[in-house]
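Subject: Structure handover and salt bridges

Hello,

I am passing on the structure below. My notes on its salt bridges follow.

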There are 2 protein chains.
Amino acid sequence: MEDRLAQQLKKGVLEMLVLELVCRKATYGYELLQRLKEGSEGLFQLKEGTLYPILYRLEDDGLIESRWSQGEGRAAPKKIYSATDRGRQARLRRQLIWVEFKKTVDSFYEGGNES
Amino acid sequence: MEDRLAQQLKKGVLEMLVLELVCRKATYGYELLQRLKEGSEGLFQLKEGTLYPILYRLEDDGLIESRWSQGEGRAAPKKIYSATDRGRQARLRRQLIWVEFKKTVDSFYEGGNES
DNA sequence: CTAGGTATTTAGTAATGCTAAGTATACAGC
DNA sequence: GCTGTATACTTAGCATTACTAAATACCTAG
């Protein structure tokens, strides 16, 4: 029953984290999948069908932009994403929202209400 | 654009918080609306149509139970919710999941990756 | 030439918060 | 009495977003 909670908690957070990672370093989908998985002990072990739509949303919103990289060597072509100025601004706003959100939620656990 | 983020972040959290509040003190829908609003500076200022379905889900899942309180004084009847044993166990598991989730997300912000 | 790793795309489903409207009781002010 | 406001619960329908599953395509190793 609590697997559902973990799934729902990701809503919004995933897009926020993808923006964060792209802001830190231009990258492409497949690498993001690995970075998210490795950096989260499997919590963010996404299937491709979860990640790519997030990238398309971010691009539609003008927060990231992409260019095709014709395979270095002879590898499959990659779509390299990098952050736009608007993306970097949004990144900061989102991090603030996350910090405030955490604080608010935690206040309900800490708040010494009746038991 | 970032209003959407705050909205999405609530997914899962709302049900978790309602369970927490009911575990602390048997209560009813309308009072929960006020407690959530007042305890969050408006972040959890829900409409009834958001809260009541959460209560029904928690009850369907056997985590809380309800009884009708025929209006004290002459007020409208209230549906009083209280936590079940399973609800109290779930409450603890969910709080742990929340703590771990926060930690994982924060690690992506703190993690000194490339800039 | 088959298997597996790399890399992207898309269709369809499920969960959950949102808006909006409706029902009903009690009380205060005109 | 009538109107508005506060209390209190219910329901229908929509939007967003993560999930599964499958398809496409290239390259390397055996």
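Buried means under 20% relative accessible area, exposed means over 50%, and partly exposed lies in between (1.4 Å probe, protein chains only). This is a predicted model, in which local features need pLDDT of at least 70 and side-chain atom pairs count only at pLDDT 80 or more, while totals for chains, interfaces and linings use all residues. Residues are numbered from 1 along each chain as its sequence is written, chains are lettered from A and ligands numbered from 1 in the order in which they are written, and side-chain values use heavy atoms, with hydrogens and water left out.

A salt bridge here is a side-chain nitrogen of Lys or Arg within 4 Å of a carboxyl oxygen of Asp or Glu. Over all chains, the search of the whole structure gives 14 of them.

One of these joins B:Lys25 to B:Glu31, with 3.2 Å between the closest N and O atoms. B:Glu31 counts as partly exposed because its relative accessibility is 21%, and B:Lys25 is also partly exposed, at 27%.

Another joins A:Arg94 to A:Glu15, at 2.9 Å from N to O. The two are 79 residues apart and link distant parts of chain A: A:Arg94 is in helix α5 (residues 85-110) and A:Glu15 in helix α2 (residues 13-24). Helices are DSSP runs of H or I, at least four residues, numbered from the N terminus. Both residues, A:Arg94 and A:Glu15, are buried.

B:Lys102 and A:Asp106 form a salt bridge with closest N and O atoms 2.8 Å apart. This pair crosses between chains, from helix α5 (residues 85-110) of chain B to helix α5 of chain A. B:Lys102 and A:Asp106 are buried.

Regards
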